[in-house]
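This report looks at charged side chains and the parts of the chain that they join. Please have the sequence and the structure at hand.

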Amino acid sequence: MDKVTRLASENGVVLFSKSTCCMCYAVKILFQELGVSPTVHELDQDPEGWEMEKALMRLGCNGPVPAIFIGGVLVGSTNEIMSLHLSRGLMPMLKPYQTLC
């Protein structure tokens, strides 16, 4: 749990992912199109990935990935990110972390 919360707070936008997850890929592409470069932690490539998956579930993630943190706060998974984006609530959250104009 400590590792997940530490990693989630080290950067503005943090994505816990698996390299083979199509929903994770979709969120990465969305962020790219919105001009945001999240810090990505691929759980299937981390020796402590299984422990981090369990920690994410304890934090309230429906599935362990994708898990998106913005400003150190768990926003949720694909459903929450897409809902925020469609309701125009995502861009204000991402504005401080955009790399493109």
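How many salt bridges does the count come to? By the rule used here, a side-chain nitrogen of Lys or Arg within 4 Å of a carboxyl oxygen of Asp or Glu, the count comes to 5 salt bridges. Side chains of opposite charge can pair when their charged atoms come close.

This is a predicted model, in which local features need pLDDT of at least 70 and side-chain atom pairs count only at pLDDT 80 or more, while totals for chains, interfaces and linings use all residues. Residues are numbered from 1 along each chain as its sequence is written, and side-chain values use heavy atoms, with hydrogens and water left out.

| Pair | Closest N to O distance |
|---|---|
| Lys3 and Asp46 | 3.4 Å |
| Lys3 and Glu48 | 3.6 Å |

Helices (H or I, at least four residues) and strands (E, at least two) are DSSP runs, numbered from the N terminus. For accessibility, buried means under 20% relative accessible area, exposed over 50%, and partly exposed in between (1.4 Å probe, protein chains only).

Lys3 forms a salt bridge with Asp46. Lys3 lies in helix α1 (residues 2–10) and Asp46 in the loop between β2 (39–42) and α3 (49–59), so this pair ties together parts that are 43 residues apart in sequence. Lys3 is partly exposed, at 22% relative accessible area, and Asp46 is partly exposed at 22%.

A salt bridge also joins Glu48 to Lys3. This pair links distant parts of the chain, with Glu48 in the loop between β2 and α3 and Lys3 in helix α1, 45 residues apart. Glu48 is partly exposed, with a relative accessible area of 42%.

Glu42 lies in strand β2 and Lys28 in helix α2 (residues 22–33), so the pair ties together parts that are 14 residues apart in sequence. Glu42 is buried, with a relative accessible area of 18%, whereas Lys28 is partly exposed at 23%.

Another part of the chain is represented by Leu86, found in helix α4 (residues 78–86). Leu86 is exposed, with a relative accessible area of 73%. The C-alpha atoms of Leu86 and Asp46 are separated by 32 Å, and the two residues are 40 apart along the chain.
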